[in-house]
Amino acid sequence: MEDGIAVITIDRPDVRNAIGSATVDELHGALDQVLESDAAVVVMRGGGDRAFVSGGDLKELSALRTHEDAVEMASRVRRLLDRVAAFPVPVIAALNGHAFGGGAEVALAADIRIAADDIKIGFNQVSLGIMPAWGGAERLAQVVGKGRALLAIATGEIYDAPAALELGLVDIVVPRETFEKEWRTLAERLAATAPGTTRAVKSVIAAAAPATHPELEADATDTFARLWTADAHWAAVEALEQRRKP
């Protein structure tokens, strides 16, 4: 934390900054620290320059074999991202690298997305016979519209930065060479407003366009869990592990 800016970095290079169970707890702890501070803006980013967040931790996810376990995992991370989306302080996702699957869901939970011009983003869960599990489908529909959200998720399209900007998946694209400077300058501009301004602005906008839908959680996580436990999903996982098409 510095000068009203709280920067949260997910730094797990061995798994391309994937979200694991411990990561969820650590992120909650980081958000608690921000609440206790006078931060005017939060920046979430990944460590390094290859991945923002690669999705869920594959080693942990491979152990989820029952409907109940899949629902529990989906609900746990969904509630974390709901907290990010509803956080009283504006949240910027600084996309330092690619954001695929669950990583795209993490990015969509932020209020503003600024991306380096060489990153790619996509909801490609369909390649494994599943769908977004962490509230990303609902948030995507709100950001880009129902039709475009359906196309993005059902096809698993991977968008480069210019295409993501045109679609509305990201809000700002900057050259890789100036990425670090640009996201920090953006955060500084927001933090330089009068005390309490950014929180007040977010509260009004959030009331007009809610970014969380807790009433949809039960049906959404149940639908995801049914896909997760289906034979088609595990066949796709096996095919991926064998590096062949399903």
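In what order do the 5 strands of the open sheet lie? The points below take that first, then turn to Arg45.

1. This is a predicted model. Its open sheet has 5 strands, in the order β1-β2-β4-β6-β9. The pairing is parallel.

2. β1 (5–10) and β9 (172–174) are the edge strands. Each of them pairs on one side only. From one strand to the next, the twist averages 20°.

3. Strands of a sheet pair through backbone hydrogen bonds, and the sense can be parallel or antiparallel. Here, β2 (residues 41–46) pairs with β4 (residues 91–95) in the parallel sense. That pairing runs over 4 bridges.

4. Arg45 belongs to strand β2. Its bridge partner in β4 is Ala94.

5. Is Arg45 buried or exposed? The relative accessible area of Arg45 is 8%. The cut-off for buried is under 20%, so Arg45 counts as buried.

6. Look next at the polar contacts of the Arg45 side chain. The side chains of Arg45 and Glu180 are joined by a polar contact of 2.7 Å. A polar atom of the Arg45 side chain also lies 3.2 Å from the backbone oxygen of Gly48.

7. Which residues does Arg45 touch, leaving out those up to four places away in sequence? Val7, Ile8, Thr9 and Ile10 are among them.

Technical notes: Residues numbered from 1 in each chain as written. Predicted model: local features only at pLDDT ≥ 70, side-chain atom pairs only at ≥ 80, totals over all residues. Heavy atoms only, no water. Pairing = 2+ DSSP bridges. Helix = DSSP H or I, 4+ residues; strand = E, 2+ residues; numbered from the N terminus. Axes fitted to C-alpha atoms, helices over the stretch in contact; angles between N-to-C directions. Buried < 20%, exposed > 50% of the residue type's maximum accessible area, 1.4 Å probe, protein only. Polar contact = N/O pair within 3.5 Å; in protein donor to acceptor, adjacent residues only side chain to side chain. Contact = heavy atoms within 4.5 Å.
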